[in-house]
Amino acid sequence: MPVKLMKKVRLLKDTDTPAGREKALQAIETAIQNNGWVKLIEEDSSTADYQVDVKAIDAENSNIYKLDEGEIIYEICDRSVEPIILRPAIKINEPKAATTIVKRLVHLTKYQAAEELDNHSLNSELKGKIEIEVLGTMDDFEDGDPIEPEPLADSENITVNVGEVLFLKIRNKYHSNLNFTVLDLESNWAISQIEPYGAVSQFTPLDAGEDKLIALRIALPEGEEKGSDIYKVFATKDAANFRWLTLPSLDTPLPNTKEKGIPKTRAGLNYLEKMLAYFAEDNPDLKKNPFRSGNPIAFPSNNWTTTEIKIQVENL
């Protein structure tokens, strides 16, 4: 497996002590038991992927979390103990608060795993054979208008305004046909398939040397002023359904297989799709994952590749 599917969680018990901290963290310990995506590690470990804290809202954080000072909330932090700002904040006295936090940890784990997914094989002949290029933006564009994007001032640090249309070009640099898919890893922690669009098509075929132009109208979640999107392109020699990786926005119930456009069973899936199917599991038994490190089972390292770009979005 090219990414770690299970993430490690540490409970921060050694910082300030607002009322209810110990009981709130004990609730997390109970709620996280036997979860296939996240597991608790020792308090003093430095290998945690996520850290869970209990904090009292002060004047500085009141505006960030849209809460009154003194409210006591759960806060999820990254491995460097930098808070991951998730709204709405979950107060420790809310019903099923600990369960909600564990669900958020699972969601973040799936999102991060999809973001990290890459083919690191040095022998893959597809490495570097799919290319994504930002052509620029247009302020006022409707389908059928002449496509004359204005190049971006900084192609290394891409910033786009809400409402603008961003033009991307996907190019097949391989010597034969490839099938490609584009996923949007959104700032609201959703992952959606934007090419091909719709619930039927799994991929878009692209002949050798051919380009595909994609136009995207840029948006942000309601109430947000800034965010970022990652456009991740997957290319394969064979058929593959990357809708296994899609996610709704944070705290939104997961759609069923029909709504996601993925099969109900894994019968007939190729090796790559069997790997992707693990991302759709609610509570997988990762000990049975046939793609974990060291297993001699065949892995399709030569049949797929991926590339991506990240853009910053501002609501000016």
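**Nonpolar cores, sheets and salt bridges of the predicted model**

Within the largest nonpolar core, which has 49 residues, the members that touch the most others are Val52, Tyr74, Ile76, Ile101, Leu105, Leu245 and Leu276. A nonpolar core is here a set of buried Ala, Val, Leu, Ile, Met, Phe, Trp, Tyr and Cys residues joined through side-chain atoms within 4.5 Å; buried means under 20% relative accessible area, exposed over 50%, and partly exposed in between (1.4 Å probe, protein chains only). At least two residues of this core are supplied by each of strand 1 (7-11), helix 1 (21-31), strand 3 (50-56), strand 4 (72-77), helix 3 (97-116), strand 9 (178-185), strand 13 (226-236) and helix 5 (271-277). Helix 3 provides the largest share, ten residues. Helices (H or I, at least four residues) and strands (E, at least two) are DSSP runs numbered from the N terminus. Another core, of 25 residues, lies apart from the largest one and includes Leu178, Val182, Ile214 and Ile218.

The structure is a predicted model, in which local features need pLDDT of at least 70 and side-chain atom pairs count only at pLDDT 80 or more, whereas totals for chains, interfaces and linings use all residues. Residues are numbered from 1 along each chain as its sequence is written, and side-chain values use heavy atoms, with hydrogens and water left out.

Leucine 245 is in contact (heavy atoms within 4.5 Å) with Leu117, Leu183, Ile191, Phe234, Leu276 and Phe279, residues up to four places away in sequence not being counted.

Five strands form an open sheet with mixed pairing, in the order 2-1-3-4-5. Two strands are taken to pair if DSSP finds at least two bridges between them. Strand 2 and strand 5 are the edge strands, each pairing on one side only. Strand 1 and strand 2 pair in the parallel sense over three bridges, and lysine 7 has valine 38 of strand 2 as its bridge partner. Helix 1 lies across strand 1, strand 2, strand 3 and strand 4, and runs at about 150° to strand 3. Helix 3 lies across strand 1, strand 2, strand 3, strand 4 and strand 5, at about 20° to strand 4. For these angles, axes are lines fitted to C-alpha atoms, for helices over the stretch in contact, and values run from 0 to 180 degrees between N-to-C directions.

A further open sheet consists of three strands in the order 6-8-12, with antiparallel pairing. Its edge strands, each pairing on one side only, are strand 6 (130-138) and strand 12 (211-217). Neighbouring strands of this sheet are turned by 20° against each other on average, direction ignored. Strand 8 (residues 165-172) pairs with strand 12 over seven bridges in the antiparallel sense; phenylalanine 167 has alanine 215 in strand 12 as its bridge partner.

The model contains 13 salt bridges, each defined as a side-chain nitrogen of Lys or Arg within 4 Å of a carboxyl oxygen of Asp or Glu. In one of these, the side chains of aspartate 49 and arginine 79 meet at 2.7 Å, N to O. Aspartate 49 lies in the loop between strand 2 (38-40) and strand 3, and arginine 79 in the loop between strand 4 and strand 5 (90-91), so the pair ties together parts 30 residues apart in sequence. Aspartate 49 is buried, at 4% relative accessible area, whereas arginine 79 is partly exposed, at 47%.
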